[in-house]
Amino acid sequence: MLSSLSHEGQASVTVVTCLAVAYFMIYPALRPRRASRMAVYDLGVTGVMLLVNGWLFGGTGTRFSLWLFDTNWVVFTIVVALVIETPLMLWYVRRNGMTWD
């Protein structure tokens, strides 16, 4: 199924899947009460995204389009993760009454 998507689509599916697992399975189980603690967990989630996309695209020289410019898989993964995760994180923090300490 993933092979029928563009490279950008494949990398985006990885990001969305990792964030969905984190925000709807892992974080509710761990119950972080501070956004700073959740940010530490996010480093691990981002690491998983980079590992998976690195396994898929590392060393291939594949270029990814970010509308205004082309980039490599690392920058694409980080930018897409930030764009998708920011509203998701704000929703999660508000929904769970977390503090920003």
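The model is a predicted one, so local features need pLDDT of at least 70 and side-chain atom pairs count only at pLDDT 80 or more, while totals for chains, interfaces and linings use all residues. Residues are numbered from 1 along each chain as its sequence is written, and side-chain values use heavy atoms, with hydrogens and water left out.

The chain holds three helices and two strands, taken as DSSP runs numbered from the N terminus (helices: H or I, at least four residues; strands: E, at least two). Read from the N terminus, the order is α-α-β-β-α. Laid along its principal axes, the C-alpha trace spans about 40 × 25 × 20 Å. Of contacts (heavy atoms within 4.5 Å) with a separation of 6 or more, 63% are between residues 24 or more positions apart.

Out of 101 residues, 34% are buried, that is, under 20% relative accessible area, with exposed meaning over 50% and partly exposed in between (1.4 Å probe, protein chains only). On the charge side, there are 7 positive and 5 negative side chains, and the centres of the two sets sit 14 Å apart. Here Lys and Arg count as positive and Asp and Glu as negative, leaving out His and the chain ends; each charge is placed at NZ of Lys, CZ of Arg, CG of Asp or CD of Glu.

Helix 1 covers residues 7–30 and includes leucine 30. Leucine 30 counts as partly exposed because its relative accessibility is 45%. From leucine 30 to tyrosine 41 is 11 residues in sequence and 9.7 Å in space, C-alpha to C-alpha. Glutamine 10 also has its place in helix 1, and it counts as buried because its relative accessible area is 12%. The glutamine 10 side chain reaches the backbone oxygen of leucine 5 at 3.2 Å, a polar contact being a pair of N or O atoms within 3.5 Å; within protein, one must be able to donate a hydrogen and the other to accept it, and residues adjacent in sequence count only if both atoms are side-chain atoms.

Alanine 35 belongs to helix 2, residues 35–57. With 9% relative accessibility, alanine 35 is therefore buried. Leaving aside residues up to four places away in sequence, alanine 35 touches Val93, Met98, Thr99 and Trp100. Valine 15, by contrast, is 20 residues from alanine 35 in sequence and 20 Å from it in space, C-alpha to C-alpha.
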